[in-house]
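Thanks for coming. I will take a few minutes to go through one structure, starting with a loop and ending at the ligand.

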Amino acid sequence: MAKDPFVAYAQKTYSGEEMLVRSKSFYAFMNERRTVREFADRAVSKEVMENILMAASTAPSGAHKQPWTFCLVGNAAIKKQIRMEAEKEEFESYSGRMSEEWLEDLAPLQTDWKKPFLEIAPWLIVVFKRAFEEVNGKKRQNYYVQESVGIACGIMIAAIHNAGLCALTHTPSPMNFLTKVLSRPDNERPFLLIPVGYAAANVMVPDLKRKSLKEVMVAYE
Ligand code: IYR
């Protein structure tokens, strides 16, 4: 196979001062992001969602395979079905499958098996990781799939926040029902379920604190 040609890359740089301002303001902006679990029943244009997905798809990936599929669900009947199936699993999880320790760790978030946001949020992004590809009837590997898709979701969450929207990184467990509901092929596995929209009016969020720099960084100079 011919090697991809290389092209010149013009890196955008900033003065030291500008870099300081930009890095600080980006941190401040990202630090305003909060996960919400209650959404407004308010439309968001499909074009905005498409831009968010294209931003996510700029993520670096193993061998540049971009091993993700983003299912964008706005259809009310499909959202309802996803809610029903998710609640079925979550009910089982909350009433026995999750450990005491896990339930104790979740208590401050006040989550439970009910997931009305799966119907109320205007869009659900169902992220699938692609374990392998089929090229000309032959199986081709993808690499670092977990890492690649995780990074893409991080960029997606930043893009959602940048658009002035809210998201929830939701993980119904197990979530293989999403494969069936969305008729996904054999090489795809559900990764995350991300409702996107406006937060509900007067939404409340847990009073969480983020770790300090000292707690998350170890410097070696
Ligand atoms: N999947 C469940 C439980 C849950 C687990 C973790 I870890 C959270 O941070 C939040 C919830 C649910 O979505 O309710």
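**Backbone, sheet and ligand**

Tyr144 sits in the loop between S4 and helix H6 (145–162). Helices (H or I, at least four residues) and strands (E, at least two) are DSSP runs, numbered from the N terminus. Before going on, this is a predicted model, where local features need pLDDT of at least 70 and side-chain atom pairs count only at pLDDT 80 or more, while totals for chains, interfaces and linings use all residues. Residues are numbered from 1 along each chain as its sequence is written, and side-chain values use heavy atoms, with hydrogens and water left out.

Tyr144 is not a glycine, yet its phi is positive, about 45 degrees. Most residues other than glycine have a negative phi, and most peptide bonds are trans. Asn136 also has a positive phi, near 50 degrees, in the hairpin of S3 and S4, which has two residues between the strands. As for peptide bonds, the one joining Ser173 and Pro174 is cis, with omega about -5 degrees. Pro174 belongs to the loop between S5 and helix H7 (177–181).

Now the strands. Two strands pair if DSSP finds at least two bridges between them. S3 (residues 132–135) and S4 (residues 138–141) pair in the antiparallel sense over four bridges, and Phe132 has Gln141 in S4 as its bridge partner. There is also an open sheet of four strands, in the order S1-S2-S6-S5, with antiparallel pairing. Its edge strands are S1 (68–73) and S5 (166–167), each of which pairs on one side only. S5 and S6 (residues 188–197) pair over two bridges, and Ala167 stands opposite Val196 in S6.

Last, the ligand. Which residues are around the ligand? They are Arg37, Glu90, Tyr94, Met98, Trp102, Leu106, Leu109, Asp112, Lys115, His170 and Thr171, where near means that a heavy atom of the residue lies within 4 Å. Helix H3 (76–97) and helix H4 (100–106) each supply at least two residues of this shell.

The protein covers 72% of the 380 Å² of accessible area that the ligand has on its own, by the Shrake-Rupley method with a 1.4 Å probe. That is the end of the tour.
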